[in-house]
Amino acid sequence: MSKLAIGIDIGGTNIKAALIDSTGSISDFCRIPTNGKEGFKKTFISIQNLIQRYIDSIGKDNIVGIGCACTGQVDSVSGKVVYAASTIPELSGFELKKELIAFAGLPVEVENDVNACALGEKWLGAARDVKDFLCITLGTGIGGAIYKNGGIEHGYRGVAAEFGHMSIDMNGEQCNCGNKGCFERYGSVTALIKHFKEELLKGNKSIVTEMVNGHTENISGEIIYAAKSSGDPLATKIVKEYNEAIICGTVSLVHIFNPEAVIFGGGITTLGDIFIEPIKKELLSRLMPVFREDLIIRRAELGDNAAICGIVRELF
Ligand SMILES: [Zn+2]
């Protein structure tokens, strides 16, 4: 049999893993909860068990190595998690690469999860045909990746592309990073839902309340977009503001990096044209001519598989 790699993607909520071959074909995909609250050392035992299961099923000799994408700021050279949110205690400072090598005795690649997604999209997805692009992922926060000259741009300390913490309002909302008015305070899906709920608390009415049977904790980005599609005025207003935030941040990024393409990722982008078309139109209209002339704007294609594929690419 041809050799396979083990791809792992450690997220705040779930850990995804699979076996991947040299063409990017995936088998034995699995997803387990991160259970980060109890501390990452405990989570790492679950990861070791996952790896052991793959090793037992196909034999260590048939594995080229382990690629591990991880949430947070990851130094891909040392393989250490430099910083991660306090929602997963013990992850900040964790020597991920060293611990994986010590456990499995296999070659290991480690990378921030958005960078790994960018590598996956470049290999098999929306960025296959482009050389120079930015990834902007919209989720709990906003993640970023810069791909140029055939690889990820990591920055001096390995933690570049924190697009979510670029300020788009100098007097804006306080962010937990210490800055004010950060992009992700307005352009993340968390922000979309938060701003929508704030309007409901002010007494503004929306069909969204009926759509979730009064359980406002169940309001999601998808539900807000569905309400907008059926003409709900509040959802229309909030989605418009949400789009403005995404456009505002992205215009600055395009003016700074002059990329060939911008790839938007994250669950909300799977809504398709209803998500991307209004952003595309307005974004292009706000860019200086030379920046917009050949600019490609696309949605990511690989979803859950992007990071686990991207992170193993170099192992073959
Ligand atoms: Zn911030």
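Reader: What geometry does the site of the zinc ion have, and what are the angles?
Author: The site is tetrahedral, with angles of 104 to 121° among the 4 donor atoms. Four donors count as tetrahedral if all angles lie between 85 and 135 degrees. The ideal for four tetrahedral donors is 109.5 degrees. Keep in mind that this is a predicted model, where local features need pLDDT of at least 70, side-chain atom pairs count only at pLDDT 80 or more, and totals for chains, interfaces and linings use all residues. Residues are numbered from 1 along each chain as its sequence is written, and side-chain values use heavy atoms, with hydrogens and water left out.

Reader: Ok, which protein atoms are the donors of the zinc ion?
Author: ND1 of H165 and the SG atoms of C175, C177 and C182, lying 2.0 to 2.4 Å from the zinc ion. Donors here are N, O and S atoms within 2.8 Å of the metal (3.2 Å for Na, K and Ca); water is not among the atoms, so sites may look incomplete.

Reader: And what spacing do they follow along the chain?
Author: H-x9-C-x1-C-x4-C.

Reader: Is C182 buried or exposed?
Author: C182 is buried, at a relative accessible area of 0%. Buried means under 20% relative accessible area, exposed over 50%, and partly exposed in between (1.4 Å probe, protein chains only). C177, at 41% relative accessibility, is partly exposed.

Reader: Switching to charges: how many salt bridges are there?
Author: The count comes to 15, taking a salt bridge as a side-chain nitrogen of Lys or Arg within 4 Å of a carboxyl oxygen of Asp or Glu. One of them joins E38 and K42, with the closest N and O atoms 2.9 Å apart.

Reader: What does D129 bridge to?
Author: R298, and the closest N and O atoms are 2.9 Å apart. That pair links distant parts of the chain, 169 residues apart: D129 is in the loop between helix 3 (113-124) and strand 8 (133-138), while R298 is in strand 12 (residues 296-299). Helices (H or I, at least four residues) and strands (E, at least two) are DSSP runs, numbered from the N terminus. D129 is exposed at 53% relative accessible area, whereas R298 is partly exposed at 25%.

Reader: Which residues are linked in a network of salt bridges?
Author: D9, K16, R31 and D304.

Reader: What about Y225 and F275?
Author: They form a tilted pair too, 6.4 Å centre to centre with 50° between the planes. Y225 is buried at 1% relative accessible area, and F275 is buried at 0% relative accessibility.

Reader: Which residues form an aromatic cluster?
Author: F40, F44 and F94 form one.

Note on methods
Tetrahedral: all angles 85-135°; square planar, octahedral: opposite > 155°, others 65-115°. Phe/Tyr/Trp six-rings, centres within 6.5 Å; stacked < 30°, edge-to-face > 60°.
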